[in-house]
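Let's take a walk through this one together, a stop at a time. Have the viewer open and follow along.

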Amino acid sequence: MIILSIETSCDETAVSIVEATGEFPNAHYTVLGDALFSQIDIHREYGGVFPALAKREHIVTILPMLQKALAQANLTHPTSTALPSQKKEELQTLLLREPGLADSLISFFDTYGIPPIDVIAVTEGPGLEPALWVGINFAKALGSLWEIPVIGINHMEGHIFSSIFDGTKIEPIAFPAMALLISGGHTELVLMKNWSSYELVGKTRDDAVGEAFDKVARMLKLPYPGGPEISRRAELHRAKENGKIIPLPRPMIDTNDCDFSFSGLKTAVLYYLKNTVGEGEITEEIREEVSCAFEDAATEVLLKKSLRAVDLHGAQSLILGGGVSANKHIRTVFKNTIETDRTDVTLYLPDPKLTTDNSVMIALAAYAKYKPGETLEKKEIVAQGNLSVSAGARA
Ligand code: KG4
Ligand code: ZN
């Protein structure tokens, strides 16, 4: 089965074509095409992702990404069949809120025709709703053009699949499994009792950990996204022989639950800078010291709470996913701890290329749900900014 997957939940416009053979979870996957455009450079000057701008960029980039993915997959099928005017009208209606996109899609049809794709999978949430709608409306229009089904996929479920994908197959994880999903919008612990059960057992009560990385970076006058900037400086500081240690709090580390809080940690950095630097210059040395102290504190809390959740639910696998799981220190600390102290647990870390938002993960999550030939429950796909991962569970 060939899946076309679309991801536009935040600031990445991504389209992939993935061929899956065999039955999930023992399927074999071939990524035939994978095109991704990151809008980071466009949002950087605003210090974060600006939803209206993200939407506009998705509108202009999504069709070029589809063309690129189809070309990589060698799936261009020029056609001499003219599109009936009724179909053209249908596309215009489906893409009413994406100016110009229906016209481009109509001309695209002449060159690309109907490629042998079986199903379209699109992120329906969580994420920025204006951005999600572009992907959803485009997926619906393509579904209508090619007369194939469209299914909505949970972005967080996608991140879980990213972390257990080795490039051709899904790792045979042992259940129960615990997933720590850490990104710019989420910090969640998700219990998986089997492939179709997701239960949220812990989450942040305020900022997501990625958001805290980004906000601390801004305090240090570093560009967006802050995670990689902080990580690089923290590594430099850690390598120093007698580097200064700034004491920062570990919020909620000992509380009797699996929840997190990062806003107190962020505020502690703010006060530290106020008291020590004031209106003075933030030197590169201060940046390195603060980055290291912040990263250490955040990592310690993430690790302790994850192990707590693992113990509480008897998890045999621990899966890390989301943009922040690219963080080198977090990866090393989790890896070393599991290898030395917790040999009863298997740790799964995503390939660094798949830590950020991508569309391959949406295809992987889709194949776990969609069986060829099976009639899907007809469900209108709607952008859901706050869609919970537990909504991906099936009875
Ligand atoms: O999953 P993602 O690409 O998008 C969301 O769904 O939010 O995650 C983006 C977040 C940003 O907050 C970014 O600063 C953070 O991931 N991030 C990192 C690193 N790389 C990206 N945080 C810490 N260390 C990194 N190396
Ligand atoms: Zn994400």
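## From an exposed loop to the zinc

Lysine 221 sits out in the open: its relative accessible area is 63%, so it counts as exposed. Bear in mind that this is a predicted model. For background, most residues other than glycine have a negative phi, and most peptide bonds are trans.

Follow the chain to proline 225, which lies in the loop between helix H7 (209-219) and helix H8 (226-238).

How do H7 and H8 pack, in angle and in distance between axes? The angle is about 70 degrees, and the axes are 8 Å apart. Angles from 65 to 115 degrees count as roughly perpendicular, so that is the label for H7 against H8. The crossing of the two is left-handed. On the H7 side the contact is made by Phe213, Asp214, Val216 and Ala217, while H8 brings in Gly226, Gly227 and Ile230.

Glutamate 147 is another residue other than glycine with a positive phi, here near 55 degrees. You'll find glutamate 147 in the loop between H5 and strand E5 (150-154), and at 64% relative accessibility it is exposed. The cis bond to look for runs from glycine 125 to proline 126, again with omega near -5 degrees. Proline 126 is placed in the loop between strand E4 (119-125) and helix H5 (129-146).

How many of the residues of H6 are buried? Nine of the nine, so the helix is largely enclosed by the rest of the structure. Among those buried residues are His155, Met156, Glu157, Gly158 and His159. The N-terminal end of H6 is capped by asparagine 154, which puts a side-chain oxygen 2.8 Å from the backbone nitrogen of methionine 156.

Which protein residues are donors to the zinc ion (ligand 2)? They are His155 and His159, each through NE2, and Asp357 through OD, lying 2.1 to 2.2 Å from the ion. Written as a sequence pattern, the spacing of these donors is H-x3-H-x197-D. Histidine 159 in helix H6 (residues 155-163) and aspartate 357, in the loop between strand E10 (346-348) and helix H12 (360-369), are 198 residues apart, so this pair links distant parts of the chain. Buried means under 20% relative accessible area, and histidine 159 is at 1%. Aspartate 357 has 13%, so it counts as buried too.

One last stop is histidine 329, in helix H11 (residues 328-341). Its relative accessibility is 14%, so histidine 329 is buried. Setting aside neighbours within four places in sequence, histidine 329 is in contact with Glu235, Arg238, Glu295, Asp296 and Thr299.

Note on methods: Residues are numbered from 1 along each chain as its sequence is written. Chains are lettered from A and ligands numbered from 1 in the order in which they are written. This is a predicted model: local features need pLDDT of at least 70, side-chain atom pairs count only at pLDDT 80 or more; totals for chains, interfaces and linings use all residues. Side-chain values use heavy atoms; hydrogens and water are left out. Donors are N, O and S atoms within 2.8 Å of the metal (3.2 Å for Na, K and Ca); water is not among the atoms, so sites may look incomplete. Helices (H or I, at least four residues) and strands (E, at least two) are DSSP runs, numbered from the N terminus. Buried means under 20% relative accessible area, exposed over 50%, partly exposed in between (1.4 Å probe, protein chains only). Contact means heavy atoms within 4.5 Å. A polar contact is a pair of N or O atoms within 3.5 Å; within protein, one must be able to donate a hydrogen and the other to accept it, and residues adjacent in sequence count only if both atoms are side-chain atoms. Axes are lines fitted to C-alpha atoms, for helices over the stretch in contact, and angles run from 0 to 180 degrees between N-to-C directions. Angles under 35 degrees count as roughly parallel, over 145 as roughly antiparallel, 65 to 115 as roughly perpendicular and the rest as oblique. A crossing is left-handed if the near helix is turned anticlockwise from the far one by less than a right angle, and right-handed if clockwise.
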